[in-house]
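Morning, everyone. Let me put the structure up, and then we'll walk through a few features.

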Amino acid sequence: MSQVQPECSPSVVPAAHSKEKMPPYTNYHAQRSYPMPDEPFCTELNAEQRALKEKEKGSWTQLTHDEKVALYRLQFHETFAEMNRRSNEWKTVMGCVFFFFGFTALMIWWQRIYVFPKKPVTLTDEWKAQQLQRILDMKGNPVQGLASRWDYEKKEWKK
Amino acid sequence: MMFLLTRNALRRFKIRSIQQIRQSHEKHSPDFHDKYGNIVLASGSAFCVVAWVFTATQIGIEWNLSPVGRVTPEEWNDK
């Protein structure tokens, strides 16, 4: 089904008064929860379209299929299928989400350089290695914990 | 009961395939998301991954991970 937009201007109330909206904002707005607005999509009809509207006042069995489609297009901007189509907006949204999340990492980098205090001596590699030996000497958590993972005969971690 | 729920849930897949057959004509004018959505998503996630891997590993944050398997003990009481 070809989507040919009719030559029409959407219902724009003339400007210069209080309630009017400038284009592209009009009084026509359809959505899935409000599918049939009061005003038709096209209000300014050319002669051919006006003739069609006159014909619409008669019996609808007289209308051809193309005329029915044209009348639909005069009244509504999009079909339900067109109105409810999926979009790729989620890609833009998630891309921006990830971007800002990555920007947070840069902020943390800045904080590491300018805000974090000096690393305590107890967290240096040398201190941690000596502390580990001390815990192993004391046999800390020998049943299921740290010392149970150390092989005291071979002096290495258990595989 | 569970059978009915799963049957109804799975019916969604069959219905969607019919709709895809009918909705075969494309939108005429691609919008911003059609043109740039993939690029934005790919570059955003790549930047995020790179930034966080760098922050987690390269700038000197102490995670204090478990010494098991990583740290070789040193003598401590020889001073």
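Start with helix α1 of chain A, residues 47-56. Lys53(A) and Glu56(A) both lie there, 3 residues apart, about one turn of the helix. Helices here are DSSP runs of H or I, at least four residues, numbered from the N terminus. The side chains of Lys53(A) and Glu56(A) form a salt bridge, 3.2 Å from N to O. The rule is a side-chain nitrogen of Lys or Arg within 4 Å of a carboxyl oxygen of Asp or Glu. Over all chains, that rule gives 9 salt bridges.

A word on the source. This is a predicted model: local features need pLDDT of at least 70, side-chain atom pairs count only at pLDDT 80 or more, and totals for chains, interfaces and linings use all residues. Residues are numbered from 1 along each chain as its sequence is written, chains are lettered from A and ligands numbered from 1 in the order written, and side-chain values use heavy atoms, without hydrogens and water.

Now the interface. Contact (heavy atoms within 4.5 Å) links 36 residues of chain B with 40 residues of chain A. Together the two chains bury about 3,400 Å², 66% of it on carbon and sulfur atoms. Buried area is the accessible area, with a 1.4 Å probe, that two parts lose on being put together, summed over both.

How many salt bridges cross between chain B and chain A? The rule finds 2. Glu62(B) and Lys128(A) meet in a salt bridge through their side chains, at 2.8 Å, N to O. On the chain B side, helix α2 (residues 32-57) supplies the largest share of the residues touching chain A, with 15.

Technical notes: Helices (H or I, at least four residues) and strands (E, at least two) are DSSP runs, numbered from the N terminus.
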